[in-house]
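Biologist: I would like to learn how to read a model like this one, feature by feature. Could you take me through it slowly?

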Amino acid sequence: MTTTTPADPSTAAGTATDSDSLFERLGDVWAELEEHLAKVPVLQRLDDGTVTLEDYMRLLFNLRQQVIDGSPWIARAASNFDIDHFELRAAAIKHAEEEHRDHFLLEADYVALGGSREELRAGRKNVGSEALSGYLFHYAGKPNPAGLLGAMFIIEGLGARRAAEWAARFQEVLGLADNQVHFMTYHQEADGAHTGDMEAILTSGLIDDATADEIVRCAQVVARLYALQLEELDR
């Protein structure tokens, strides 16, 4: 099946000048995120081939504590869009439904690696995940929280552009089976579809200048906090 990947930020904008500008600004945020990811220790070890099975299991363990919050904060955002933002509310409801089983995929990978599902479910967020989830739930509680499209740009973009790449590298270095990296490989396709939906909204004319500013600011915060949760594994 052909999947939609997040468009290159320099060319993803469509035809409208305003949306061109918004995508250019989001592209700058993405470039900053890539710089932060390049400094994350576990990703550095993945890149140079020294990553261990323990590293991968720690990564899954830490991600799970934040992934489980994905559907709830999206659903909370949906509940705060009024009728004048019906299209955004409908999109958020659809997205929340699609996301609410994601943590089961991650848990299955962890168990396939020999980990304990009970210990995984009893885990706590690291300091970066606490900050990320706290910010997302806070923002989702605002009236008409359209700025969260910036969060989606970052989170879904990572799934579509980086997750399958990371999965393939973990398999290459550690000799993992497909059922041990399914969470990451699944997200290349699923998040690719989500980014296509999001880009359609961003280029639809629904986004005014003030909302564009909110989207970019939210993307900046989420990009930094997402990298922080990867930097702070187990802390």
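This is a predicted model: local features need pLDDT of at least 70, side-chain atom pairs count only at pLDDT 80 or more; totals for chains, interfaces and linings use all residues.

Biologist: What share of the residues in the chain is buried?

Modeller: Buried means under 20% relative accessible area, exposed over 50%, and partly exposed in between, with a 1.4 Å probe and protein chains only as cover; the areas come from the Shrake-Rupley method. Of the 235 residues in the chain, 48% are buried. One of the buried residues is L60, at 0% relative accessibility, which lies in helix α3 (residues 53-67) and has its C-alpha atom 8.9 Å from that of L120, 60 residues apart along the chain. Another case is A223 in helix α11 (residues 209-231), buried at 4% relative accessibility, with its C-alpha atom 7.7 Å from that of A151, 72 residues apart along the chain.

Biologist: Where is the kink in helix α9 centred, and why is α9 described as largely enclosed?

Modeller: The bend at a residue is the angle between axes fitted to the seven residues ending there and the seven starting there. In helix α9 (residues 148-174) there is a kink of about 45°, centred on R162. The helix is largely enclosed by the rest of the structure because 19 of the 27 residues of α9 are buried. After α9 comes G175, whose phi is positive, near 70°.

Biologist: How many salt bridges does the count come to?

Modeller: Side chains of opposite charge can pair when their charged atoms come close. A salt bridge is a side-chain nitrogen of Lys or Arg within 4 Å of a carboxyl oxygen of Asp or Glu, and by this rule the count comes to 13. Among them is the pair of D213 and R25, at 3.0 Å from N to O, which links distant parts of the chain, with D213 in helix α11 and R25 in helix α1, 188 residues apart. D213 is partly exposed at 40% relative accessibility, and R25 is partly exposed at 31%.

Biologist: Are R64 and E107, which also form a salt bridge, buried or exposed?

Modeller: Both R64 and E107 are buried, and their closest N and O atoms are 3.1 Å apart. R64 is in helix α3 and E107 in helix α6 (residues 102-112), 43 residues apart.

Biologist: Which residues form the negative surface patch?

Modeller: Patches are made of residues with over 30% relative accessible area and no salt bridge, where like charges are joined within 9 Å and nonpolar side chains (Val, Leu, Ile, Met, Phe, Trp, Tyr) within 5 Å. Lys and Arg count as positive and Asp and Glu as negative, whereas His and the chain ends are not counted; the place of a charge is taken as NZ of Lys, CZ of Arg, CG of Asp or CD of Glu. The negative patch here is formed by E24, D28, E32 and E35. E35 is in helix α1 (residues 17-37) and is exposed, with a relative accessible area of 52%.

Conventions:
Residues are numbered from 1 along each chain as its sequence is written. Side-chain values use heavy atoms; hydrogens and water are left out. Accessible areas come from the Shrake-Rupley method with a 1.4 Å probe; for residues, only the protein chains shown count as cover. Helices (H or I, at least four residues) and strands (E, at least two) are DSSP runs, numbered from the N terminus.
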